[in-house]
Amino acid sequence: MSVSFLSTVSSLVPTLSTCKTTVTRCPTTNLGVIRCQKIETDVSSDDGLRRRDVLKCFGATIGMELIGSSGSFVEMASAADLIQRRQRSEFQSNVKGTFLTLIKGKPDLIPSLLTLALNDAMTYDKATKSGGPNGSIRFSSEISRPENKGLSAALDLIEEAKKEIDSYSKGGPISYADLILYAAQSALKATFLASAIQKCGGNVEKGGLLYTAYGSAGQWGLFDRQFGRTDALEPDPEGRIPQWEKATVQEMKDKFSAIGFGPRQLAVMSAFLGPDQTATEALLATDPDVSPWIQKYQRSRETVSATDYEVDLITTLTKLSSLGQQINYEAYTYPVRKIEFSKLKL
C-alpha cells in the first residue's frame, strides 16, 4: 500500500515538501497482533529534515495502516491488552498440552478427574456465595472425606501437572482451581476423541478428522476465557456434597437444584458421578424427570457427531466452573521488556 500524506494529512508535516512512505501490508495473527514485514520511507526536503518531522510522518503512516485494516478505532484493543491476551493464550495452550500428555499415559484416571472437578465445584452455596471451584479439594482434610474416596490418584496427577506447568510459567504459579478444571476439560476431550475414533472403526486419523470437522472441538470458547481463578485458603465446609455412588436420584436432583441446575444438567453430567457411567445412567433413568434427558443424550452419543450431548456437557461444565468465582483476566501475564525509543537511531 502506498500513501501520500501531503494530500491528506499535510498539517502533520508542514516543513516537508514531499513525504511518501511505502508500507508492505502486515499480516495479523488471530489475536490482532501486527507483525510488520517491511517499511520503506522516501523523504526529501529543500531544507533538510528534523527528527521530529520524520517521526510524525512515520507515526502517521502506522496510524493510516491501522485505520485501513480496521473498521473502527472502537474495535481495536490496546497494545497491552493484545500482549496479555497472547500471553494467556500461549500459556493456556501449554497447560492443555501438558494434560494431554499426562492423561494419555493414564487414561484410567479420566473418571476420577471428572469427579474431582465436580466435587470441587459442588461445594458452592448460593445463600452464602461460598465454596465452588476454588481448589479447596486439594487440602488433605477435604480430599479424605467419604464423598472424595478414590480421588487421591487424580489429585496426584494434578500435583504432577502443577509441578511441570509452574516450571515453565512466566506469569507465576497456576492455581489448583484452574488446574482441576482444565484437567477435566482435557479428560472430556479425550473421551470425545476416543468416541469418534471408535465410530471410524478404530482408525485414529479418520477419528481425529471426524472430531475436528463435526465434533464439539470449537465449543470451548467461553470455558477457555474463564482462566484465572483464585485458590481457597482453607477447606470448604463439610456436608455439602453427597456420596454419589450411594445417593438416591432425588438426593442428586436436590443437590443439583441447590446450585441452580435441573434434571437436564444432572443427566448430561452422568459421567462425572462415578466410574461406571452406564450404571449411573440406568439409575437416573428410573426418575421420570431425568429419564427423557438420559434417553436424549444416549441417542445423541450414537450419532456421528454426538453434538447435543457434547455441546450440552460443555455448556454445563462451563457454568459449573464459574460458580462463585471472580476471574482475574490478567492472571498468568508478565511484563515485557520496554523499548527505549530515545536510543533508536533513524
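Is lysine 106 buried, exposed or partly exposed, and what is its relative accessible area? In this predicted model, where residues are numbered from 1 along each chain as its sequence is written, local features need pLDDT of at least 70, side-chain atom pairs count only at pLDDT 80 or more, and totals for chains, interfaces and linings use all residues. Side-chain values rest on heavy atoms, with hydrogens and water left out. Lysine 106 turns out to be partly exposed, at 37%; the label covers whatever falls between buried (under 20% relative accessible area) and exposed (over 50%), using a 1.4 Å probe and protein chains only.

Now for the overall picture. The protein has 13 helices and three strands, taken as DSSP runs (H or I, at least four residues, for helices; E, at least two, for strands) and numbered from the N terminus. Of its 346 residues, 41% are buried. Contacts are heavy atoms within 4.5 Å, and among those between residues at least 6 apart in sequence, 70% join residues at least 24 apart.

Back to lysine 106, which pairs with glutamate 160 in a salt bridge, their closest N and O atoms being 3.5 Å apart. This pair links distant parts of the chain, 54 residues apart: lysine 106 sits in the loop between helix 2 (79–105) and helix 3 (110–121), and glutamate 160 in helix 5 (residues 152–168). Glutamate 160 is also partly exposed, at 38%. Ten salt bridges turn up in the structure, each a side-chain nitrogen of Lys or Arg within 4 Å of a carboxyl oxygen of Asp or Glu.

Another of these bridges joins aspartate 287 to lysine 253, with 3.2 Å between the closest N and O atoms. Here, too, distant parts of the chain are linked, 34 residues apart: aspartate 287 is in the loop between helix 11 and helix 12 (291–302), and lysine 253 is in helix 9 (residues 249–258). Both partners are buried.

Then there is aspartate 308, bridged to lysine 296 at 3.4 Å between the closest N and O atoms. Aspartate 308 lies in helix 13 and lysine 296 in helix 12, so the bridge ties together parts twelve residues apart in sequence. Aspartate 308 is partly exposed, at 39%, and lysine 296 is partly exposed as well, at 24%.

Finally, serine 270 sits in the loop between helix 10 (263–268) and helix 11 (277–284). Serine 270 is buried, with a relative accessible area of 0%. Leaving out residues up to four places away in sequence, serine 270 touches Gln277, Thr280, Glu281 and Leu284.
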